[in-house]
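Please look over the sequence and the model below.

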Amino acid sequence: MTKLRPRDIFFNDPYFDYATCSKPGDLRLAKRVEVFGKWYKTPSLVTTLLSQERLTFSRHTGTDQEDALVLRIYERTADRLLINTYYTSKQNPEEIYAGTIHLERYDMAQTMESFSYMGIIDLLMLQTDSQILGLTDVFEDVQMAKHAAAHALGIYLMVICDQPWSDEAVTGGQETPAMMMGKEKEELQQLREEKAQMDADREELLRLRLEAKNRTAVLSELERLRQELDAERTGREQDRKQYEDRIRKQEQYIEKIKETASSQIAELLALRKELNKRQVRPDMTKGQAPRKVTPQEASRSVRDPEDRGLDLPSFMTQRDYTRQLDRFLTGRQIALAGGDPDWQRRIQRRFGAVLLISGQPGDDRMLKEASLLVVNLEDGKTPLVRWAITEAKENNCPILSVGPTNLNGFAKAIVGRVSG
């Protein structure tokens, strides 16, 4: 049997991204190996493995065994070994499959990418076992133990052990106990999977039967819910219309009260003026004939503080246009340029959709999005106002000029422009 050199052996472990040819120094390290914190002599391990077809590496806590890594030969020829690995613990005595170690010598050199080798130590996972993947706390320890044991055994068997690993004339066509146990485990696993599939199919069939049985009830319930939803939508629409009608009637009633009060106060003022015209002056002496009050005196009398209390209030002499402007600004924006800063702030506090043009970057974008540009010409056409007007014309934005006015006058000007 040809002995190999360590550098002729390709070692592949996908779990630690270790895939390269072994080095001459690995021969010295392969004579002793550390698994689960304990050192073993590799020659005795090889002898036990080839004779008993089994190796066990245990980890102890005090006097109790905590867990163990079991190596069992699954397939064996003169130049090839497949060794299954299993993990057991005190909490779970049942063996959990943890992958397969593939050891093989070749008569001719093999190539893999840039590597040329005549022996391979390959750590395989022949099936995806959710049990070993679920042991996250010990998974890396198990893979490290398998890594160290496979490296040491493979180097020793290919470099130092000068004998076939099996007598093919004797063992050819015979199944080893490990192979039979492995087949039994595979059959047991297959039966478990079939049973789980049958249970899942039974649950699915029961669910489908229940759905078929209750389909009419479900459809009727859905129809009832849909009708309730339609009725709720209709009711809300009616409530909204009634609320709008009530608001409109209240506004009309308020306007009517304003008109009535305005006419009454106007009549009262006219009567007061007529009374002042006919009133006799209090400082007349007894023998003097009464004289009428001159128009100038009557005018001064009307302007007395007593009469000024009868002047028509502003809320009665004009309509409130601010609410109409609020409705117009719903979903819209208007731009404002020019005017006193305090006046601008007052306007913006009352109407949140008013955007101030201040000459900062981004004003041109505001003018593109605005529905109207309002300019205050109190200070004349300042450079900012001229720029805003030019930019609004380029963007086809309507322009409205206003003077210093209160909130209601501001709203009235805009509403009048929009209505026109």
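**From the sheet to a packed helix**

Strand E1 (residues 9-13) and E2 run antiparallel and are joined by four bridges; strands (E, at least two residues) and helices (H or I, at least four) are DSSP runs numbered from the N terminus. Asp13 has Tyr18 in E2 as its bridge partner. The model is predicted, so local features need pLDDT of at least 70 and side-chain atom pairs pLDDT 80 or more, while totals for chains, interfaces and linings use all residues. Residues are numbered from 1 along each chain as its sequence is written, and side-chain values use heavy atoms, without hydrogens and water.

E1 and E2 belong to an open, mixed sheet of seven strands in the order E2-E1-E9-E8-E7-E6-E5, where pairing requires at least two DSSP bridges between two strands. Strand E2 (18-21) and strand E5 (54-61) each have a single partner strand, so one side of each lacks a neighbour in the sheet. From one strand to the next the twist averages 15°.

Helix H2 (residues 42-52) lies across E5, E6 and E7, at about 125° to E5; axes are lines fitted to C-alpha atoms, for helices over the stretch in contact (heavy atoms within 4.5 Å), and angles run from 0 to 180 degrees between N-to-C directions. Helix H4 (residues 139-159) runs at about 35° to E8.
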